[in-house]
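Subject: Structure for you to look at

Dear colleague,

Here is the structure I promised to hand over, with my notes on it below. Please open it alongside this message and read the two together.

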Amino acid sequence: GAQQQELYDTRALQKLDSAHYMHPFTDHQELAAKGARVMVRGEGIYLWDSEGKKILDGMSGLWCVNVGYGRTSISEAVYRQMETLPFYNSFFNTTNVPAVRLAALLVELSPPQFNHVFFTGSGSEGNDTNLRMVRRYWELMGCPERQTIISRHNAYHGSTVAGSSLGGMGGMHAQGGLPVPGIVHIGQPNYVEAGRGMTEDQFGLAAAGWLEAKILELGADKVAAFIGEPVQGAGGVIIPPATYWPEIQRICDQYGVLLIADEVICGFGRLGAWFGSELMGIRPDLITFAKGVTSGYVPLGGVLVGDRVADVLIEKGGDFNHGFTYSGHPVACAAALENIRILLDERLVEQVAQSTGPYLKERFASLADHPLVGYADSCGFVAGLNLVRKKGAVVHDCEAFKPEQGVGMICRGYMFGNGMIMRAVGDRMIIAPPLVMTKAQIDEMIGKIRFCLDATL
Ligand code: PLP
């Protein structure tokens, strides 16, 4: 933070903000009363606000700034591409150099069944693309009645009409209902909530069984696909038992159901692997990506299209009437190429797998001795803990806080006040730090979390 900070009139900015800017997922009366925090600069894992306060960003922005803030090589790559060719689309038999190179690189980095990439501007648009692709696939396969997509409660798959329907967020469905028909939801593999009386492994099989039960209820000949995040992120960092995903794969194989892995959070090293699917031992037919592909420097998303789907769409499909102005945007693709070069050259994915990820696991688990913490776990560089009123012998015997006590939000407030961003999902406190975080910085972060837990007590 040696850099001299520009001075901002925070009050004036906050006034303009609440007068004119409608924020995503925000209660504007509450925002107007408190005033938004104005972020102005970032370097590594730290942010600075308009008051000059330094903040440790435990969330990588919105789970996306994997290589950390302030990477001038990305801004230079973006600048060069803007100077050379700021825009050209890939419609009507045209293409551009960064998009071609990025598609080839993503195929190289992804599991072997992937040889094609469809680019979008965001993760939500990636999931819209999935929905259209799987339904189109089954039409082309001569099974037009195979249209239903099975997802999970509390899943987050985006905010577009299809994304919010695929997602399982009750709060989103409550405002206007499910806009896209033919999508159903099963339970999430949340051991703390639903695993009473079972070992984690037994619970993993039981939770996967909900998929089989739903397929049998609907009839396999009606089911197009199952979609899930390898580790549910916005739902509260729900890390499934080791038995869950292999059983999901077995069920999808048995009934011919396509498997979509939404890796918008889990991709690009977040779990200590290029893709979470590899870690979970699944072979998805489609992978949604966004966020970490550019570390959020420029918006970019897309779908890795596995051979099973791509071969049919390409050989039998003719025109696929779908695409976005910004599909394969050259500037976004240039940012992604440089971001991936950094991930590779600095061996950040290996570092999370072998060194800092295991260290975070050990340090984060140590928080479980705190009187407020009922359960703490992590996977790579995502982690979450449950705040409880009273601890029990096993996690299911812990006494929960009442929702109206809003303990998660109280704890989040202390974190913010103490220069650390940690998100609250109900009573679950979660982090997803930049992959560049060092062991010393992990210690700093754990110290801050402990301090704020003490304050919340
Ligand atoms: N899928 C998952 C798993 C996500 O976490 C998100 C965003 O948080 C999305 C999809 C939507 O991505 P976007 O916000 O880029 O549309």
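Please bear in mind throughout that the model is predicted. Strand S11 (residues 373–379) is largely enclosed by the rest of the structure, because six of its seven residues are buried.

The partner of S1 is strand S2 (residues 46–49), with which S1 pairs in the antiparallel sense over four bridges, and Glu43 is bridged to Tyr46 in S2.

The ligand is the next place to look. There are 15 residues around the ligand, and those that come nearest are Ser122, Gly123, Ser124, Gly158 and Val264. Helix H6 (residues 123–140) supplies the largest share of this shell, namely three residues. Sorted by class, the shell consists of eight polar, five nonpolar and two charged residues.

Helix H11 (244–255) can be described in some detail. The 12 residues of H11 should span 16 Å at 1.5 Å a residue, and the end C-alpha atoms are 17 Å apart, which agrees. Which residues of H11 are buried? They are Tyr244, Trp245, Ile248, Ile251 and Cys252, and because they cover an arc of only 115° around the axis, they lie on the same side of H11. As a general point, an α-helix has 3.6 residues a turn, so residues three or four places apart point the same way. The buried residues of H11 pack against helix H10 (200–218), S7, strand S8 (258–262) and helix H12 (276–280).

On the other side of H11, Asp253 and Gln254 are exposed. Asp253 counts as exposed because it has 11 C-beta neighbours inside 10 Å, where the cut-off for exposed is 12 or fewer. Asp253 is also 30 residues from Arg283 in sequence, while the two lie 9.9 Å apart in space, C-alpha to C-alpha. Just after H11, Gly256 takes a positive phi of about 70°.

Finally, two backbone angles deserve a look, given that most residues other than glycine have a negative phi. Val237, which is not a glycine, has a positive phi of about 50°, and this residue is found in the loop between strand S7 (223–228) and helix H11. Is Val237 buried or exposed? Val237 counts as buried, because it has 24 C-beta neighbours inside 10 Å, and the cut-off for buried is 20 or more. Ser295, likewise a residue other than glycine, has a positive phi near 55° and sits in the loop between strand S9 (286–289) and strand S10 (301–306). With 28 C-beta neighbours inside 10 Å, Ser295 also counts as buried.

With best wishes

Technical notes
Residues are numbered from 1 along each chain as its sequence is written. This is a predicted model: local features need pLDDT of at least 70, side-chain atom pairs count only at pLDDT 80 or more; totals for chains, interfaces and linings use all residues. A residue is near a molecule or strand if its C-beta atom, placed from the backbone, lies within 6 Å of it. Helices (H or I, at least four residues) and strands (E, at least two) are DSSP runs, numbered from the N terminus. Ala, Val, Leu, Ile, Met, Phe, Trp, Tyr, Cys and Pro count as nonpolar, Asp, Glu, Lys and Arg as charged, and the others, Gly among them, as polar. The expected span of a helix is 1.5 Å times one less than its number of residues. The arc is that of the directions from the helix axis to the C-beta atoms. Two residues are in contact if their C-beta atoms, placed from the backbone, lie within 7 Å. Two strands pair if DSSP finds at least two bridges between them.
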